[in-house]
Amino acid sequence: MSEDRHYNLTFPINFWGLMIRSIQIYRHTFLNYLTLAVITYLPFLIFDQFSRFDLLDIVEFFHGNFLDVIVFLTLPTLLIEKKVFPISTIQLFFQRFFASAVIISLVQLGILLFFATFFAQISLGTIIIGIIPYIFLLFAGFFLIMENSPQLISVRRNLINSVKLVKNQFFSIFWNYLNITILLIVPLFVFSLWYLGRHTELIQFVATINDGQTPDTLKGQKLLTLIQSIVQEPGFKWSRISIHILLRPIKSLFLALLFLGLLQPVKPDDIKSFLGVPEDEPSVSKLDS
């Protein structure tokens with residue numbers, strides 16, 4: 001007798017609904033998604049070790065983008081077989097989607113840096129406005145997977161599709177993206193404060209600032225130099241990498257489910273086709289079971 005399968009193709013688009021579902025999935029498949037995050041980070045780690053520059057921010061951006069696409073690739077087997085296959089998924093990503101994913105990530109990074117830098121010159125408070133153009137390209141990697149084009153490079157259509165999707169529900173997407181980003185930054189922020197607080201030289205320097213023993217023109221420069229030297233320490237660097245690898249899959253799952261929730265009212269048949277769900281199947285959730 002064939003197994004009685006039921007599927008839920010109505011995905012949440014509110015923040016806490018997405019957050020709860022993402023954590024549930026991550027908890028049930030923790031080792032597999034952690035393996036995905038570690039393996040995909042290794043090439044970046046090797047590159048960073050041989051670089052003379054501090055590239056952690058850029059490394060985390062590209063790794064996050066690739067992980068988003070790879071996690072999205074796991075959803076069909078997660079739904080049908082309730083399993084994640086890290087090695088097979090990574091192989092498929094590099095065979096079919098890697099080249100396009102690299103170009104899409106470069107476009108996204110270029111847009112983000114250009115507008116964030118432009119608005120930062122006006123005021124630090126306006127940097128958040130500079131994120132808006134990047135938000136419009138946020139789902140291009142997911143459209144790349146849904147399209148599944150046989151072409152080696154398929155970028156333009158996926159970027160356009162992302163813009164169209166975001167345009168219809170921009171404020172909801174922006175709010176969700178901003179919240180998940182801030183929420184996952186909090187652990188790193190708390191750790192950074194703790195790590196910096198353990199350095200007596202920093203505490204002593206802050207004390208001299210409070211006592212007015214350092215000229216105003218040198219305070220900011222010396223403080224930044226001191227903090228920069230501390231965050232370059234191997235202990236801080238490896239801890240930051242570990243926190244990123246541990247938490248980033250949650251954001252990837254969050255964005256993948258948000259994408260499906262946004263697309264579901266518009267193209268439900270495309271979602272069924274991607275997930276491998278027969279059109280005549282009833283709908284009860286298995287993604288978080």
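Good morning. By buried I mean a residue with under 20% relative accessible area. The model I am presenting is a predicted one.

I begin with helix α13, which covers residues 268-275. Its buried residues are Ile271, Lys272, Phe274 and Leu275. Viewed down the axis of α13, these buried residues fall within an arc of 165°, so they line one face of the helix. An α-helix has 3.6 residues a turn, so residues three or four places apart point the same way. What covers the buried residues of α13? Among the covering elements are α3 (56-80), α7 (140-147) and α12 (234-263). Just after α13 comes Gly276, with a positive phi of about 75°.

Two of those covering helices also pack against other partners, and I turn to α7. The axes of α7 and helix α4 (residues 86-122) come within 10 Å and cross at roughly 160°. The two helices are therefore roughly antiparallel to each other, and their crossing is right-handed. On the α4 side, Phe97, Ser100, Ala101, Ile104 and Gln108 take part; they meet Ala140, Gly141, Leu144 and Ile145 of α7. By class, this contact has 6 nonpolar residues, 3 polar and no charged.

Next is α3, which packs with helix α2 (residues 30-49) at an angle of about 150°, the axes being 10 Å apart. Angles over 145 degrees count as roughly antiparallel, which makes α2 roughly antiparallel to α3. This crossing, too, is right-handed. The α2 residues in the contact include Tyr33, Phe44 and Asp48, while those of α3 include Leu56, His63 and Leu78. The contact of α2 with α3 comprises 14 nonpolar, 3 polar and 1 charged residues.

Thank you.

Key
Residues numbered from 1 in each chain as written. Predicted model: local features only at pLDDT ≥ 70, side-chain atom pairs only at ≥ 80, totals over all residues. Heavy atoms only, no water. Buried < 20%, exposed > 50% of the residue type's maximum accessible area, 1.4 Å probe, protein only. Helix = DSSP H or I, 4+ residues; strand = E, 2+ residues; numbered from the N terminus. Arc of directions from axis to C-beta. Contact = heavy atoms within 4.5 Å. Axes fitted to C-alpha atoms, helices over the stretch in contact; angles between N-to-C directions. Parallel < 35°, antiparallel > 145°, perpendicular 65-115°, else oblique. Left-handed = near helix turned anticlockwise from the far one by under 90°. Nonpolar A, V, L, I, M, F, W, Y, C, P; charged D, E, K, R; others polar.
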